[in-house]
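Please open the structure in a viewer and keep the sequence at hand.

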Amino acid sequence: MSLRDDLELLKTDGVAAFAAAGDAAALEEARIRFLGSNGREKELTKAFGAAASEDKRALGPVLNQVKTALKEAFIAAQDRLASVENDAPIDLTLPGAERRRGSRHPISQVAQEVEEVFSSMGYEIVDGPHVEMDEFNFGRLNIPENHPARDHQDTFWLDNGKLLRTHTSAVQSRVYPQSTPPFRKVVVGKVFRYEAVDATHDNTFTQVEGFVVDEGVNAKHLVGTIRTMLSALLKRDDIEVRLRPSFFPFVEPGFEVDVRLTQADPSSRFSRWVELLGCGMIHPKVLEAGGIDPTRWQGFAFGLGLERLAMIRHGITDIRVMHGADLRSLRQFGA
Ligand code: FA5
């Protein structure tokens, strides 16, 4: 048989095989046989390459026609099988794929409520960077280098000397130079500490920082604000609150606020005091560092852990649930 006859036969056989393929496996088998790297098309292309040059001139167009015909037949078979698959009968009695409604993370929920409560009290919502300069996180907050208070807030340091902020108080340092008193501001954001993780401590958590600067501000205003905030956010009627003196270099006097649930089971973590926030009257040195005259203006500030607040609100006894990404837990508190 001549090469021309072989080419014609290849075309007839290949087109017929692709047309006859009844499923994807049969089509693949035919593709390998005719178009594969060791298939008949390759074989005849090689034979064409070895032919005398006058034969090549005559047979070149034939070879091209054969190749085109095979390719078209293969694509047509592919389309035919795909449409058969799409036309498969649909069983309308099968249960549908379940679509779960998403829910907001418990921290996102309280964060939004915090912003609503403070907006309604005339606070402006502000923000600051997670990667912070030593000066803003410590220096301007009356915590100079080598001050022992730094030990309580060890953090993650970057090669460029910056750090992951340890508290939202850093935003106070940033905001004061750009603000003209009187003002009230609130910030909600992530903070980071090099911390041993346990049921009430994480290395990444969320704080709310509020700060007010005005004339004649005193500790009674601070306590009133904290009470308003806690009753709006905790949404429980069995809460006992305790204020005790404490030390933070950026306030004077300083306090810590603890909370416990009077109706909680005596074996529960929440029947005992849980520290929720630090607060106090802004230290004159901090105001001064921010360009605010402390002889005229006073202020108060507080910093609260939102994970702990959400834990108390929902009775969650382990903080690791919050960032553990276990949807079975988080969905229970979703809104
Ligand atoms: C501070 O961070 C101060 N900047 C708070 C402050 C602001 C005081 C303004 C005075 C004026 P402290 O380290 O205590 O303080 O943290 C404040 C709150 O954050 C704690 O009461 C707690 O609710 C939460 N918190 C602290 N460490 C962790 C942690 N490792 N994991 C989860 N929550 C934490």
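Begin by colouring the protein chain by domain: the assignment gives domain 1 (3-86) and domain 2 (106-333), the bounds being taken from an automatic or database domain assignment. The centres of domain 1 and domain 2, taken over C-alpha atoms, are 74 Å apart. This is a predicted model, in which local features need pLDDT of at least 70 and side-chain atom pairs count only at pLDDT 80 or more, while totals for chains, interfaces and linings use all residues. Residues are numbered from 1 along each chain as its sequence is written, and side-chain values use heavy atoms, with hydrogens and water left out.

**The ligand and its surroundings**

The ligand is surrounded by 26 residues, the closest being Ser-169, Arg-193, Glu-195, Glu-275 and Leu-276. By class, this shell has ten nonpolar, nine polar and seven charged residues; here Ala, Val, Leu, Ile, Met, Phe, Trp, Tyr, Cys and Pro count as nonpolar, Asp, Glu, Lys and Arg as charged, and the others, Gly among them, as polar.

Now display the polar contacts, that is, pairs of N or O atoms within 3.5 Å. From a nitrogen atom of the ligand, an N or O atom in the side chain of Glu-195 is 2.8 Å away. A polar side-chain atom of His-167 lies 2.9 Å from a nitrogen atom of the ligand. At Leu-276, a backbone N or O atom lies 2.9 Å from an oxygen atom of the ligand.

Which elements give two or more residues to the shell around the ligand? Select β5 (204-214), β7 (251-261), β8 (274-282) and β9 (298-305); strands are DSSP runs of E with at least two residues, helices are runs of H or I with at least four, and both are numbered from the N terminus. Among the contributors, β8 gives the most, with five residues.

**Backbone details**

Most residues other than glycine have a negative phi, and most peptide bonds are trans. Select Pro-181 and Pro-182, which are joined by a cis peptide bond with omega about 5 degrees. Pro-182 is found in the loop between α7 (169-175) and β4 (183-192).

Move on to Glu-252 and Pro-253, where the cis peptide bond has omega of about 0 degrees. Pro-253 is found in strand β7.

Finally, select Asn-146 in the loop between α6 (134-137) and β3 (163-164). The phi of Asn-146 is near 70 degrees, a positive value in a residue other than glycine.

Notes
A residue is near a molecule or strand if one of its heavy atoms lies within 4 Å of it. A polar contact is a pair of N or O atoms within 3.5 Å; within protein, one must be able to donate a hydrogen and the other to accept it, and residues adjacent in sequence count only if both atoms are side-chain atoms.
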